[in-house]
Amino acid sequence: MLSAEERTRFEEDGFFLRRGFAREETCAEMLGEAVALARAANGGGLTDGALVMPENNLSQESIAEPEGRVSKVFRLHRRPVFRRFIEDPEILALLAGLLGPRCDCFLSQFIFKNPGAWGQPWHQDSFYFPFDQGPQVGFWLAISEATLDNGCLRVLPGSHREPVHEHVPDRRPGANLGYVEIVDHDMSAAEPVLIEPGDLLVFHSHLMHSSSDNQSSGIRAAMVFHCAKSGTLVRTPADVPVNDWMPLPPASVD
């Protein structure tokens with residue numbers, strides 16, 4: 001269940017962290033599935049319902065295998081290992097405490113942050129979610145260690161109370177497709193999120209966050225799910241191709 005301390009952290013800071021949430025075997029199975037899809041797509045494209053996005057900026061030593069050339073793999077939450085995670089009773093209980101008893105998972109992405117990969121600029125996830133109601137809740141599961149060297153997340157506590165700011169296209173030449181950035185806000189109070197495999201970050205969709213470049217020789221992998229209240233409507237004429245709306249079971253009342 002959502003604890004009183006977690007609720008307070010979510011309301012005041014826009015996020016909270018559960019250490020050791022997932023087992024090592026779960027993280028390894030997710031990584032194996034993402035690697036298999038990256039190889040099937042040869043580093044980019046559609047394969048078996050998943051969308052594999054290439055990474056534009058990498059160290060040469062990281063690109064020998066197809067998974068070394070990948071940025072993200074989308075549309076995973078109907079696949080067994082990922083579905084078991086997002087439908088876990090503990091996740092459903094957290095969602096019930098934050099959004100209510102009936103929720104949908106609409107977006108999932110496995111992040112391959114390979115050596116040399118650039119970080120993602122400051123943004124709010126709600127910028128990408130043109131929905132009729134909010135907030136949405138994100139679950140960021142560490143598959144590998146996240147450190148200052150390999151490009152951990154940075155968050156700005158309390159920024160979830162801000163409206164969705166103007167986002168401009170990532171100003172770096174050669175940035176990944178879809179990267180945008182906030183340029184009208186002071187981020188000096190940001191904090192790094194240093195976590196271990198299996199740790200789970202739960203965060204508000206208005207929370208301003210970014211990541212730094214991977215300057216290490218290893219991968220920094222993560223699995224991310226985004227959820228909304230059931231009945232949420234998309235305000236644009238057509239939903240974006242990375243989204244896949246899947247109703248979740250109601251949380252247990254026991």
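The structure is a predicted model, in which local features need a pLDDT of at least 70 and side-chain atom pairs count only at pLDDT 80 or more, whereas totals for chains, interfaces and linings use all residues. Residues are numbered from 1 along each chain as its sequence is written, and side-chain values use heavy atoms, with hydrogens and water left out.

Helices and strands are taken as DSSP runs (H or I over at least four residues for helices, E over at least two for strands) and are numbered from the N terminus; two strands are said to pair if DSSP finds at least two bridges between them. Strand β3 (residues 50-54) pairs with β4 in the antiparallel sense over four bridges, and Met 53 has Lys 72 of β4 as its bridge partner. On β4 there is also an antiparallel pairing with β5, made through three bridges, in which Phe 74 stands opposite Gln 109 of β5. Strand β4 is mostly covered, five of its five residues being buried, where buried denotes a relative accessible area under 20%, exposed one over 50%, and partly exposed a value in between (1.4 Å probe, protein chains only).

Strand β5 (residues 103-113) also holds Asp 104. When neighbours within four places in sequence are left aside, the residues in contact with Asp 104 (heavy atoms within 4.5 Å) include His 226, Cys 227, Trp 245 and Leu 248.

A further group of three strands forms an open sheet with antiparallel pairing, in the order β10-β7-β12. Because β10 (191-193) and β12 (209-211) stand at the edges with a single partner strand each, one side of each is left without a neighbour in the sheet. Strand β7 (residues 153-155) is joined to β12 by three bridges, and Arg 154 has Ser 210 of β12 as its bridge partner.

The structure holds 13 salt bridges, each defined by a side-chain nitrogen of Lys or Arg within 4 Å of a carboxyl oxygen of Asp or Glu. One of them joins Arg 78 to Asp 244 at 2.7 Å, N to O. This pair links distant parts of the chain, 166 residues apart, with Arg 78 in the loop between β4 (70-74) and α3 (80-86) and Asp 244 in the loop between β13 (220-229) and β14 (246-247). Arg 78 is partly exposed, at 43% relative accessible area, whereas Asp 244 is buried at 16%.

Another salt bridge connects Glu 12 with Arg 9, their closest N and O atoms being 2.7 Å apart; these residues lie three apart in helix α1 (residues 4-13), so they are separated by about one helical turn.
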